[in-house]
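Let's take a walk through this structure, one side chain at a time. Have a look at the sequence and the model, and then we'll start with a charged residue.

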Amino acid sequence: MPVVRGSTLSTAVVIPLYNGGPWIGRTLRSVAAQTRPPDDVIVVDDGSADDSVSRVRGIPNVRVLKNPGKGVRLARNLGLNRTTADLVAFLDQDDVWHATHLDHLAGVLEARPSAAVAAADGVILGPDDDPSWPEPVTADIRAVDPWAAFPFGTIRCPSMALARRDAVLAVGGWNPETRHVADIELWLRMAAHGEVVLSDRATVGVRVHRDSYSSRLRAEQIDEHLQSLGAMARTMG
């Protein structure tokens, strides 16, 4: 269970896992290497058919939960509801963090009590790449209005964000009924509970490959659009 360290805020990491065997080891090693170690690490198995879960079981200080439903949004919500940490980070199974990621964003939230969520910048990785981090510089930290970027997202992916758990719970977490814009919708709803703060310090390695969540989401979007176009053509015909 999370441990509150004096005046600092406790932190949890929630990782949805679905057939992530090739990447989950590196992802968890980046969590273990944090200069501010998380108080709670939860991996939520979303019905993996590979050896993902066996790779995770037995790793010290990592809890493995089984998603009773199906889907990454429900998996994230399960982890959110099973921790009591003040702050929660939602890390994708194939992404990695710089060692200072949690330390940096937790410091931002501790310094800005009005902020509901803070997010860092990132670098793009291929399927087997190790990140080449830019030199850390003094970060430009600014509050933004997510509605100003709508319909595009202010925070590019969940792995970049650290949020106050109470604020995420207050808006009901991820909406399982929203498929393609669930992340964007969440940050928009959270903006009613506090500032959305961005840092330009790159501390997240976002892995892009055929089976990555972003690639699958893009394929679903394309397929959905093609089906819509087909339905329109049949109607017009």
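K66 is exposed, with a relative accessible area of 52%; here buried means under 20% relative accessible area, exposed over 50%, and partly exposed in between, using a 1.4 Å probe and protein chains only. Before going further, keep in mind that this is a predicted model, where local features need pLDDT of at least 70, side-chain atom pairs count only at pLDDT 80 or more, and totals for chains, interfaces and linings use all residues. Residues are numbered from 1 along each chain as its sequence is written, and side-chain values use heavy atoms, with hydrogens and water left out.

So what does K66 pair up with? Its salt-bridge partner is D45, with the closest N and O atoms 3.4 Å apart. A salt bridge here is a side-chain nitrogen of Lys or Arg within 4 Å of a carboxyl oxygen of Asp or Glu. K66 lies in strand 3 (residues 63-66) and D45 in strand 2 (residues 40-45), so the bridge ties together parts that are 21 residues apart in sequence. Strands (E, at least two residues) and helices (H or I, at least four) are DSSP runs, numbered from the N terminus. While K66 is exposed, D45 is buried, at 7% relative accessible area.

In general, side chains of opposite charge can pair when their charged atoms come close. How many salt bridges does the rule give here? The count comes to 13.

Another of them joins D92 and R76, whose closest N and O atoms are 3.0 Å apart. This pair links distant parts of the chain: D92 is in the loop between strand 4 (87-90) and strand 5 (96-97), R76 is in helix 3 (residues 72-81), and 16 residues separate them. D92 counts as buried at 11% relative accessibility, and R76 is buried too, at 0%.

Then there's R26, which bridges to D130 with the closest N and O atoms 3.6 Å apart. R26 sits in helix 1 (residues 21-32) and D130 in the loop between strand 6 (115-125) and strand 7 (141-144), 104 residues apart. R26 is partly exposed at 22%, whereas D130 is exposed at 59%.

Now back to R76, because its charged end also sits over the ring of W174, 4.9 Å from the ring centre; that label asks for NZ of Lys or CZ of Arg within 6 Å of the ring centre and within 35 degrees of the ring normal. W174 brings us to the rings. By the ring rule, the count comes to three aromatic pairs: rings of Phe, Tyr and Trp (its six-membered ring) pair if their centres lie within 6.5 Å, and planes under 30 degrees apart count as stacked, over 60 as edge-to-face and the rest as tilted. F90 and W174 form an edge-to-face pair, 4.6 Å centre to centre with 75° between the planes. Both F90 and W174 are buried. Ring pairs also link F90, W174 and W187 into a cluster.

Last stop, the nonpolar core. A core is a set of buried Ala, Val, Leu, Ile, Met, Phe, Trp, Tyr and Cys residues joined through side-chain atoms within 4.5 Å. Which members of the largest one touch the most other members? Out of its 54 residues, they are I155 and M190. Strand 6 supplies the largest share of this core, six residues. Apart from neighbours within four places in sequence, I155 is in contact (heavy atoms within 4.5 Å) with residues including V117, A119, W187 and L198.
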